[in-house]
Amino acid sequence: MARPRVIYEAKPGSPLEVDRELYGRLARETGRRRLVERFVVPRRSGRAWPVRAGQLFRIVAVEGPQVADLNVWSLANPRERFWASRTRQLHRAHLTSFDRLWSCLPYLRPMLTVTGDTIGYGRDEDGAGCHDLLGTRCDPYVHKLLNGEEFDRCCHSNLVRAVAPYHLTELDVHDVLNVFQVTGLTADGRYFVKPSPARAGDFIEFFAEIDVLCAISVCPHGDLSVAVWGPDAGDPLATCRPLGVEVWEPAPELLTGWVPPPPSDYGGGHGMTWEGASTAPSQALPQDAVRAAGRRGAGAPPSEASDLKERATGRRGAGAPPSEASDPEIAPAKPALERGRSPVRRRSSAARASRAATGGKRRRGR
Ligand SMILES: [Zn+2]
């Protein structure tokens with residue numbers, strides 16, 4: 001039988017290879033950093049906080065073992081958010097120092113780099129590891145499915161409440177990094193957990209590559225030593241503990257050699273053609289579909305997306321619904337006859353004019 005093969009292998013010099021000297025220095029030189037903020041997130045709750053590019057933050061097990069669910073968005077554009085499954089493929093199923101947390105398409109850049117992991121769990125005899133990317137957050141829908149109960153303190157709901165002040169919603173909450181959580185797959189492929197190995201004072205530390213909004217849920221399953229679902233279900237409340245968060249600013253000289261990563265420079269064409277281009281009949285696409293794809297897809301630079309900071313300060317108008325409904329890019333498409341003078345159509349026309357002016361080569365606009 002063929003040997004297993006790691007598939008997402010990069011050529012030398014790719015952003016998958018972190019500068020260990022730089023990130024090691026950032027982790028080591030704790031005397032040359034300034035505390036920006038420190039707070040405790042109570043058990044069974046959530047909280048969101050911004051971290052600026054070039055800063056570090058820690059999630060700390062302040063009282064002992066406890067699992068946390070982490071979400072990350074670009075502070076400037078919440079459509080760019082952490083992509084757990086691609087991160088799993090690029091690095092590993094359980095993150096540790098020098099691994100990175102990557103953003104979703106069409107951005108695909110490192111948002112965070114892990115600079116410290118006092119757990120250092122490695123792989124155990126069951127193939128399990130700590131800081132899990134195999135699973136996702138607990139949520140009230142699966143809780144209802146498995147237990148038949150209404151429960152409002154699942155990680156999904158804790159994250160929903162945490163990001164509401166930033167005008168984000170349930171639809172912005174995404175697959176997580178399960179911090180301090182030990183997981184693996186059984187011989188027949190079932191997802192399993194073990195009690196969290198974190199002790200008081202343990203932490204995982206991240207370096208922010210871009211301005212981000214982070215949020216954690218302090219999981220209502222506590223340290224995962226008590227089953228919540230299934231025939232052996234019990235009450236894990238006694239195993240639930242708070243978690244600490246610290247944000248640090250390193251001395252500027254520690255950042256020498258660091259450059260904030262740009263979004264992917266893939267051209268964004270996806271093999272599609274536009275009006276005026278020569279297209280073989282078998283490849284031709286209905287023009288309405290081409291226009292629609294250009295409107296929704298890579299043709300829209302990230303800078304056109306909504307700005308979290310604007311949302312947080314309410315500059316878009318206090319009465320406006322948080323996100324989706326007010327965003328023309330994801331508003332329901334109007335029938336073609338009504339679309340003539342809509343902002344969406346004008347943007348699409350401008351994009352075509354721009355492409356024509358540049359000989360068909362799409363400009364990135366960033
Ligand atoms: Zn949870």
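**Close-up views of a predicted model**

**View 1. The lining of the largest pocket draws on several elements.** H3, strand E8 (177–185) and strand E9 (191–194) each supply at least two residues of this lining; helices (H or I, at least four residues) and strands (E, at least two) are DSSP runs, numbered from the N terminus. E9 gives the most, with three residues. A pocket is an open set of points on a 1 Å grid over the protein atoms alone, where a 1.4 Å probe fits, with protein on both sides within 12 Å along at least five of seven lines, and lining residues have an atom within 4 Å of a point. Of the 23 lining residues, Gln181, Tyr191, Val193, His221 and Trp229 lie nearest the centre.

This is a predicted model, where local features need pLDDT of at least 70 and side-chain atom pairs count only at pLDDT 80 or more, while totals for chains, interfaces and linings use all residues. Residues are numbered from 1 along each chain as its sequence is written, and side-chain values use heavy atoms, leaving out hydrogens and water.

**View 2. Three cysteines hold the zinc ion.** Cys138, Cys155 and Cys219 coordinate the zinc ion through their SG atoms at 2.2 to 2.3 Å. Donors are N, O and S atoms within 2.8 Å of the metal (3.2 Å for Na, K and Ca); water is not among the atoms, so sites may look incomplete. Cysteine 138 and cysteine 219 are both buried (under 20% relative accessible area, 1.4 Å probe, protein chains only).

**View 3. Here is the second largest pocket.** Ser14, Pro15, Arg100, Trp102 and Pro110 lie nearest its centre, among 24 lining residues. Helix H1 (20–28) and strand E5 (100–102) each supply at least two of the lining residues.

Key. Buried < 20%, exposed > 50% of the residue type's maximum accessible area, 1.4 Å probe, protein only.
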